[in-house]
Amino acid sequence: MSNGNGPVAAGGDEKAGGRAGRDAGPPVRRLLALDAAGMAVVGLVYLAAAAPLGRVLGPGTAVVAAVGAGMLAGGGAVGLVARPPYVRPGAVRAVAACGFGRLALSLAVLASGLPDLTAMGKAWTVVQTVPVGVLAVLQARAAAAVSGGGRPA
């Protein structure tokens, strides 16, 4: 059984580099891969359509492009976490923490009124918090379960 620091095995209590990992199975890796793919796709769309999205959503081309670049980079990082056959619970916790941070940032942007979002921009900001929040909760639960600190995900 893992002490929370060892790798999470994709196929049972096995040894990886001398450290036992609790079975997370493919669901944790699939969850991370889904998050990575979603972030990368949205990031690419933001980059490719930064000018029209900047006008429709309100913050302007530079802000949309910067968010797109950040999402593309974040998607790549999450993809790297999902790739190895042994996923470390700490890495899953870090991905979840980033998701919660993104959720908090989105809500702070709405509350602050900066940048000046259109009605469509405000609605999109609210709508995108749903999948971000759901994935962050699922990832946090998965990390807790494979660390021995909760129910299986």
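**From chain to helix**

Modeller: Of the 153 residues of the protein chain, 34% count as buried, where buried means under 20% relative accessible area and exposed means over 50%, with partly exposed in between (1.4 Å probe, protein chains only). This is a predicted model, in which local features need pLDDT of at least 70 and side-chain atom pairs count only at pLDDT 80 or more, while totals for chains, interfaces and linings use all residues. Residues are numbered from 1 along each chain as its sequence is written, and side-chain values use heavy atoms, with hydrogens and water left out.

Biologist: How many helices and strands does the protein chain have?

Modeller: Helices (H or I, at least four residues) and strands (E, at least two) are DSSP runs, numbered from the N terminus. Here the protein chain has 5 helices and 4 strands, in the order β-β-β-α-α-α-β-α-α along the sequence.

Biologist: Which residues of H3 are buried?

Modeller: In H3, the buried residues are Val 64, Gly 68, Met 71, Gly 74, Gly 75, Val 78 and Ala 82. Seen down the axis of H3, these buried residues fall within an arc of 135 degrees, so they line one face of the helix; the arc is that of the directions from the helix axis to the C-beta atoms.

Biologist: Which residues are exposed on the other side of H3?

Modeller: On that other side, Ala 62, Ala 73 and Leu 80 are exposed.

Biologist: What does Ala 36 touch?

Modeller: Contact means heavy atoms within 4.5 Å. Leaving aside residues up to four places away in sequence, Ala 36 touches Gly 75, Val 78 and Gly 79.
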